[in-house]
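The following note sets out some points on the model under review.

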Amino acid sequence: MSFLELADSSNEVNVGGGSIEVMDLHRRDISDEQLRRFEQYAAEMFSAFGMELDSPATTDTPRRFVRALLDATAGYEGDPKLLTVFETECRGGPDCRLSQVIEGPIQFYALCEHHALPFYGHAYVGYIAHERIIGISKLTRLVRLFARRFTVQERVGQQIADGLEAMLAPHGVAVYLEAHHLCTQMRGVQETAPLTRTTFWRGEYENNPALRAEFFTACGLQR
Ligand SMILES: [Zn+2]
Ligand SMILES: [Zn+2]
C-alpha cells in the first residue's frame with residue numbers, strides 16, 4: 001500500500017521524506033532460524049537463573065518472551081498511518097502564536113537501553129498549529145512509535161518533539177513525560193516509587209513562560 005492510498009480525505013496531505021528520517025527507523029529482518037536461536041538463549045538463561053522450564057506453564061516461555069520483546073520494540077518498524085496530516089488555515093495574529101492543541105495523558109511503555117527493563121508512564125503533548133494539524137489519535141501513535149524501542153526517557157521526548165516539528169512545522173511544541181523506571185524500582189528496596197519527569201520545549205514555548213504554565217494547567221498538572 002502506498003502512502004497516497006492512505007489519504008482518502010481531500011484536505012489530507014502526505015508529508016514524506018523529512019518526517020520519515022526523523023522517525024529513525026531500523027527495519028528488522030529476523031529469520032525464523034534466528035528466532036529459534038534466540039529462544040534457546042532465553043531458555044538457557046531462564047533455567048540457569050532458576051525457572052523450571054519443563055512445566056506446561058513454562059515450556060513455551062522462552063518463545064513467548066522473545067515474541068513479546070519483539071512486539072515491545074516494534075517502534076523501530078515505523079507507522080505508515082502517521083504520514084498524513086490535515087491542512088488548516090493559519091489566520092495569523094495572536095491566536096496563531098498562542099492557541100495550543102494539548103493531548104494527554106497518553107500511556108506509554110518503553111525499554112531502557114541500559115538494562116532492557118521497562119519504564120512506563122504518561123506523555124502530554126502540546127503544539128501550536130501553523131498550516132497543518134494532526135489527528136488526535138496520531139499523537140498517541142507518535143508517542144508509541146518512539147517509546148516502543150530500547151531507549152531513554154530524554155530521547156523519547158526529543159524524538160516526539162522533532163517528529164511533530166518535521167510533520168507539522170508548527171509554531172511550537174511542548175512535551176512532558178513522567179515515568180516509573182523498573183530498572184531502579186525492581187532492584188532497590190525503596191518505600192516510594194519515584195516518577196522521573198522530563199520536559200521539552202520548541203518554538204514559541206521556549207521564550208514564553210505563560211504558554212508553558214498554561215500547558216501544565218491544561219494537562220491538569222500542578223506546577
Ligand atoms: Zn535502566
Ligand atoms: Zn501560523
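1. Helices α3 and α4 cross in a right-handed manner. The structure discussed here is a predicted model. Helix α3 spans residues 32-49 and helix α4 residues 61-72; they pack at an angle of about 115°, and their axes lie 8 Å apart.

2. On the α3 side, the residues that meet α4 are L35, F38, E39, A42, A43 and F46. Their counterparts in α4 are T61, P62, R63, F65, V66, R67 and L70. Sorted by class, this contact of α3 with α4 comprises nine nonpolar, one polar and three charged residues.

3. Helix α6 (residues 136-147) packs against helix α7 (residues 153-168) at an angle of about 135°, with 9 Å between the axes. Because of that angle, α6 is classed as oblique to α7. The crossing of α6 past α7 is right-handed.

4. Which residues make the contact between α6 and α7? From α6 the contributors are L139, L142, V143, F146 and A147, while α7 supplies V156, Q159, I160, L164 and M167. The class composition of the contact of α6 with α7 is nine nonpolar residues, one polar residue and no charged residues.

5. Where in the chain do C112 and C183 lie? C112 belongs to strand β3 (residues 101-112), whereas C183 belongs to helix α8 (residues 182-185). The two residues are 71 residues apart, and the pair thus links distant parts of the chain. Both C112 and C183 are buried.

6. The last point concerns L211, which is located in helix α10 (residues 209-218). Is L211 buried or exposed? The relative accessibility of L211 is 2%, and L211 therefore counts as buried, the cut-off for that class being under 20%.

7. Leaving aside residues up to four places away in sequence, L211 touches R97, L98, Q100, I128, E204 and Y205. S99 is 112 residues from L211 along the chain, yet the C-alpha atoms of L211 and S99 are separated by 9.1 Å.

Conventions: Residues are numbered from 1 along each chain as its sequence is written. Chains are lettered from A and ligands numbered from 1 in the order in which they are written. This is a predicted model: local features need pLDDT of at least 70, side-chain atom pairs count only at pLDDT 80 or more; totals for chains, interfaces and linings use all residues. Side-chain values use heavy atoms; hydrogens and water are left out. Axes are lines fitted to C-alpha atoms, for helices over the stretch in contact, and angles run from 0 to 180 degrees between N-to-C directions. Helices (H or I, at least four residues) and strands (E, at least two) are DSSP runs, numbered from the N terminus. Angles under 35 degrees count as roughly parallel, over 145 as roughly antiparallel, 65 to 115 as roughly perpendicular and the rest as oblique. A crossing is left-handed if the near helix is turned anticlockwise from the far one by less than a right angle, and right-handed if clockwise. Contact means heavy atoms within 4.5 Å. Ala, Val, Leu, Ile, Met, Phe, Trp, Tyr, Cys and Pro count as nonpolar, Asp, Glu, Lys and Arg as charged, and the others, Gly among them, as polar. Buried means under 20% relative accessible area, exposed over 50%, partly exposed in between (1.4 Å probe, protein chains only).
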